[in-house]
Amino acid sequence: MDGNGRWAQLRGLPRTEGHSAGEEALMDTIWGALDAGVKWLTVYAFSTENWRRPVDEVRYLMNFNERILLNRRDEMNERNVKLQFIGRRDWRVPRRLIRRIEETEALTGANTAMTVSVAFNYGGRAEIIDAVRAIVASGVKAEKIDEKLIAKHLYDPSMPEPELMVRTSGEYRTSNFLMWELAYSELVFTDVLWPDFRRENLYDAIHEYQMRERRFGGL
Ligand code: IPE
Ligand code: MG
């Protein structure tokens, strides 16, 4: 969900106003995905690299994410959406936010219409490191390590590999997002800044996805 800062800057507003405007984009995208029959949506909310931002912005983002959770989890629950988080729940994430995350996962855990997974304090490399640590700690023999075993130790082993990844704001990078999982995903890039993103933009990306031919290394 990239481009919040630039969206605000274009309007002469503080960067935080861009984050705040991103809430409507997120909710329209979630409901749009649900209406279209998407079963799984993962959004990149805060990366392991985002701690490098000024403390004020980091603090704003922590409070903002907590507020969104509190304000939105009931409607998601009512619409049978499962809301969960992937990423490191380490000491840098405020205790209170971790509690909200745990409550939300307990509240919506049995829902079945769609899973919304929020990548928070998430890094693709960190995820692979954490998987390797768990595998080594389990004492598995080196020859037993294969793709299946690594996938089983990722943050959410039940997550299907993404069919489509959409990157907003005119950047052509994956920025440490789902490094392992995106190996065969179709990538769509759009210049739309995140606060302007709406379900129509998601549908455009899905249409583009539908024109692609996926061969997975075959012919
Ligand atoms: C994405 O928007 C939001 C987060 C990373 C939390 P940015 O804040 O990166 O916006 P730009 O890239 O500066 O425009
Ligand atoms: Mg950015």
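Let me start with Asp-2 and Arg-167, whose side chains meet in a salt bridge at 2.8 Å, N to O. Asp-2 sits in the segment before α1 and Arg-167 in strand β4, so this pair ties together parts that are 165 residues apart in sequence. A salt bridge here is a side-chain nitrogen of Lys or Arg within 4 Å of a carboxyl oxygen of Asp or Glu.

Before going on, what you see is a predicted model, in which local features need pLDDT of at least 70 and side-chain atom pairs count only at pLDDT 80 or more, while totals for chains, interfaces and linings use all residues. Residues are numbered from 1 along each chain as its sequence is written, chains are lettered from A and ligands numbered from 1 in the order in which they are written, and side-chain values use heavy atoms, with hydrogens and water left out.

Back to the salt bridges. Side chains of opposite charge can pair when their charged atoms come close. By the rule I gave, the count comes to 25 salt bridges. Asp-2 and Arg-167 belong to a network of them, together with Arg-6, Glu-171 and Arg-173.

Is Arg-167 buried or exposed? Arg-167 is buried, because its relative accessible area is 12%. The cut-offs are these: buried means under 20% relative accessible area, exposed means over 50%, and partly exposed is in between, with a 1.4 Å probe and protein chains only.

Glu-57 and Arg-53 meet through their side chains at 2.8 Å, N to O. Glu-57 is buried at a relative accessible area of 8%, whereas Arg-53 is partly exposed at 29%. The side chains of Arg-212 and Glu-208 also form a salt bridge, at 2.8 Å, N to O. There, Arg-212 counts as partly exposed with 28% relative accessibility, and Glu-208 counts as partly exposed with 39%.

Arg-53 brings me to the ligand. Which residues are around ligand 1? They are Met-1, Asp-2, Gly-3, Asn-4, Gly-5, Arg-6, Arg-15, His-19, Ala-45, Asn-50, Arg-53 and Leu-61. To be near the ligand, a residue must have a heavy atom within 4 Å of it. Helices α1, residues 4-10, and α2, residues 15-36, each supply at least two residues of this shell. The largest share, three residues, comes from α1.

Some individual distances to the ligand follow. A polar side-chain atom of Arg-53 is 2.7 Å from an oxygen atom of ligand 1. A backbone N or O atom of Arg-6 is also 2.7 Å from a ligand oxygen, and for Gly-5 a backbone N or O atom is 2.9 Å from one. On its own, ligand 1 has 380 Å² of accessible area, and the protein covers 86% of that. Accessible areas come from the Shrake-Rupley method with a 1.4 Å probe, and for residues only the protein chains shown count as cover.

Next, strand β1, residues 40-47, where Thr-42 lies. Thr-42 is buried, with a relative accessible area of 18%. Its side chain joins that of Trp-40 in a polar contact of 3.3 Å. A polar contact is a pair of N or O atoms within 3.5 Å; within protein, one must be able to donate a hydrogen and the other to accept it, and residues adjacent in sequence count only if both atoms are side-chain atoms. What does Thr-42 touch, not counting residues up to four places away in sequence? The list is Ile-86, Ser-117, Met-159, Phe-177 and Leu-178. Contact means heavy atoms within 4.5 Å.

Last, the loop between β4, residues 164-167, and β5, residues 186-189, which holds Tyr-172. Tyr-172 counts as exposed because its relative accessibility is 60%. Leaving aside neighbours within four places in sequence, Tyr-172 is in contact with Phe-189 and Asp-191. Tyr-172 and Asp-191 are 19 residues apart in sequence and 9.8 Å apart in space, C-alpha to C-alpha.

Ala-183 is found in the loop between β4 and β5 too. Ala-183 counts as exposed, at 56% relative accessibility. From Ala-183 to Glu-161 there are 22 residues in sequence and 8.5 Å in space, C-alpha to C-alpha.

Technical notes. Helices (H or I, at least four residues) and strands (E, at least two) are DSSP runs, numbered from the N terminus.
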